[in-house]
Amino acid sequence: MTTDIIYHDYFIKHKMSVGHPERPERLQTALSEIRQSPVFDGETIRLIEAREAPLDEVISLHSNEYLLSLKSMSERGGGFFTLDTSVNRFTYKAALFAAGGGLVAVDRVLDGISENAFVLCRPPGHHAEYDRAFGFCFINNVAVAANHLVRRRQLKRVVIIDYDAHHGNGTQNAFYSSDEVLYIGLHQDGRTLFPGSGFVDEMGRGKGYGYTVNIPMYPGAGHTSYRHAFEDVILPLVASFRPQFVLASVGFDCHFEDPLTNLGLTLDDISMMNNYLCEIASNYADGHLVAFLEGGYNLDVVGQASRDLVERFAGTRPQSHREEYRESKTCIDYVLATIESVKDRQEGILL
Ligand SMILES: [Zn+2]
């Protein structure tokens, strides 16, 4: 069995304004690090080309009117949706290839061609809303894949675990009324970081109530806080939900040296979270696991963390980086209280 890396050259043709942190070098650095790994031996890992997502797979997640505006802005040569989310002439196609890359990945895993996959894509997707581009995102890649698994492949239970430092507002909203897709977001508290959402009382609606789980992290949260979040809440939740497929939004901006955020994870802590993802997939989902690159703006971190993720997905143990970061007791206490609040709210639903 192998690990797929899904990629397309269109991913680096999409560019925003000069000096923008969400830049093509993020993927180039990641690919060059992955190529230096001993697991990149031509057998354990396969580099697979993404294909464009068919529009009918995207249209249930985004309005036709919005997609047309994205297409025409891109065809005109570019423009701005918000001050920090802009389009060039390749953006529309790049976004379709990113979403389509996710479809290629989940189908190959579900059909037993590969064991798991990393969609190494740009633009990212988890902030994209039904009718607007937002937070460097245009089409919600992970949501398109989850929707495909439920609607086209008839799965009943898909979990999305989003550990990007920012709340995955678009993903949450796409499945807010669904009990077939469990969204679990671990992110820096919305009172201190874009997009300002993802609080514990955002839990879903109707039959989806309880199937949106937000664990906002105090600024500075690191190893102990995240370990508690997985051990005390996420593992019990997935044991109850029993996902048939695990999707992950991985954002390496949760690292303590990311320039845009204020969390406290090291590269080894990010590997710890990847271990949990693999463990959840193998315990409940026959190993079915696909991760999507979201954010991460320190190039060295994006490179190393991508390599570590691929090494873990391929069944090996990434080397330790021995970085030093100590989170404060205040921070741990605050996160433990948040975790208790999440558990109380889930009592009688999934816990
Ligand atoms: Zn982010």
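Buried means under 20% relative accessible area, exposed over 50%, and partly exposed in between, with a 1.4 Å probe and protein chains only. With that settled, I looked up His166 and Asp253, and both are buried.

A note on what I was reading: this is a predicted model, where local features need pLDDT of at least 70, side-chain atom pairs count only at pLDDT 80 or more, and totals for chains, interfaces and linings use all residues. Residues are numbered from 1 along each chain as its sequence is written, and side-chain values use heavy atoms, with hydrogens and water left out.

**Zinc site.** I found the protein donors of the zinc ion to be Asp164 (OD), Asp164 (OD), His166 (ND1) and Asp253 (OD), at 1.9 to 2.7 Å. Donors here are N, O and S atoms within 2.8 Å of the metal (3.2 Å for Na, K and Ca); water is not among the atoms, so sites may look incomplete. His166 sits in the loop between strand E6 (158-162) and helix H7 (169-174), while Asp253, 87 residues apart from it, sits in the loop between strand E9 (245-250) and helix H9 (267-284). Helices (H or I, at least four residues) and strands (E, at least two) are DSSP runs, numbered from the N terminus.

**Cis bonds.** I noted a cis peptide bond from Arg122 to Pro123, omega near -10°, and another joining Phe194 and Pro195, omega about 0°.

**Positive phi.** Phe136, not a glycine, has phi of about 70°; I logged Phe136 as buried because its relative accessibility is 10%. Gln154 has phi near 60°, and at 52% relative accessibility Gln154 counts as exposed.
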